[in-house]
Amino acid sequence: MKRKNKLIVALDVKTAAEAQRLIDMLRGIAGMFKIGSQLFTATGPEFVRNIVDSGERVFLDLKFHDIPNTVAAAGVEAARLGVAIFNVHAAGGMEMMRRTAEAVAESTQAEGILKPSVIGVTVLTSTDQTTLAEVGWSLNPESLVQRLALLAESAGLDGVVASPREIGIVRSAVEKPGFIVVTPGVRPQGADLGDQSRVTTPAEAVAAGADYLVVGRPIIDAPDPAKAAWQIVEEMETSSTNAIG
């Protein structure tokens with residue numbers, strides 16, 4: 001896979017018009033576009049369909065977390081939108097993840113549509129030891145990521161979302177071939193960290209084994225988003241890791 005295909009641009013904007021402007025500017029540079037809670041709530045599933053119909057790949061980042069039946073049903077609907085990837089919270093447990101993976105596989109086969117990759121969110125990049133302690137977790141972020149990644153693997157998921165700092169932990173723990181790691185919290189050299197706690201540069205993330213890098217503000221807030229995106233792709237090229245795919 002070309003390095004630019006590893007780049008997922010987070011469309012963390014308020015309106016469909018803003019998002020479409022970015023898509024038009026970044027077409028051919030970004031390998032995929034991420035639609036998260038803000039944009040999805042503002043624009044709804046129809047905007048997702050429009051992006052997919054235009055030939056672009058979508059990572060639907062809604063982090064489903066509910067009872068197993070509800071998440072499985074939501075996963076089926078995400079697949080019907082034609083997205084390439086969607087995620088669930090691995091903290092939802094084995095049964096929730098397993099039933100979602102099975103429901104998506106069964107429905108896409110029955111309906112003759114492409115199955116998206118279903119991945120589990122491990123620990124958010126804004127989360128640190130203090131945050132985990134506040135909600136009753138005694139594990140440190142690294143140990144919790146490993147535990148949740150193994151749980152996602154056992155449940156039949158296709159991969160996980162993990163911070164750049166834990167890519168190596170996931171790669172060492174998970175044995176499933178083709179298990180993908182989607183990595184947010186990537187910041188180019190000199191960029192503002194914002195609310196991210198566990199970050200690395202694009203080159204470091206690729207070298208550690210990330211399959212996809214999610215980048216938002218350093219691109220969408222740049223005076224020239226296309227130039228900023230190309231600079232991140234170029235930073236990936238400084239990694240010694242061989243291209244995948």
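Visitor: What do the eight strands form?

Guide: In this predicted model, the eight strands form a closed barrel in the order E1-E2-E3-E4-E5-E6-E7-E8, and the pairing is parallel. From one strand to the next, the twist averages 25 degrees.

Visitor: Which helices pack on that sheet?

Guide: Helix H3, residues 45–53, packs on the sheet and touches strand E2 (32–36) and strand E3 (58–64). The direction of H3 makes about 150 degrees with that of E3. Helix H4 also packs there, touching E3 and strand E4 (85–89). For H4, the angle with the direction of E3 is about 170 degrees.

Visitor: Let us turn to E1. How many bridges join E1 to strand E8?

Guide: Three bridges join E1 to E8, residues 212–215, and the two strands run parallel. E1 is also joined to E2 by three bridges, again in parallel.

Visitor: And what are the bridge partners of Val9?

Guide: Val9 has Val215 as its bridge partner in E8 and Phe33 as its bridge partner in E2.

Visitor: Which way do the residues of E1 point?

Guide: Leu7 and Val9 point one way, while Ile8 and Ala10 point the other way; all of these are buried.

Visitor: What about helix H1: which residues are buried?

Guide: In H1, residues 16–26, the buried residues are Ala19, Leu22, Ile23 and Leu26. They cover an arc of only 100 degrees around the axis, so they lie on the same side of H1.

Visitor: What covers the buried residues of H1?

Guide: The cover includes strand E1 (7–10), E2, helix H2 (37–43), H3, helix H10 (217–220) and helix H11 (225–237).

Visitor: What follows H1?

Guide: H1 is followed by Gly28, which has a positive phi, near 90 degrees.

Visitor: Which residues make the contact?

Guide: On H4, they include Val71, Ala72, Gly75 and Val76. On H5, Met96, Arg99, Ala103 and Val104 are among them. By class, the contact has eight nonpolar, five polar and four charged residues.

Visitor: Finally, how is strand E5 joined to strand E6?

Guide: Three bridges join E5 (residues 117–121) to E6 (residues 159–161), and these strands run parallel. Val121 stands opposite Val161 in E6.

Definitions and conventions: Residues numbered from 1 in each chain as written. Predicted model: local features only at pLDDT ≥ 70, side-chain atom pairs only at ≥ 80, totals over all residues. Heavy atoms only, no water. Contact = heavy atoms within 4.5 Å. Helix = DSSP H or I, 4+ residues; strand = E, 2+ residues; numbered from the N terminus. Nonpolar A, V, L, I, M, F, W, Y, C, P; charged D, E, K, R; others polar. Pairing = 2+ DSSP bridges. Axes fitted to C-alpha atoms, helices over the stretch in contact; angles between N-to-C directions. Buried < 20%, exposed > 50% of the residue type's maximum accessible area, 1.4 Å probe, protein only. Arc of directions from axis to C-beta.
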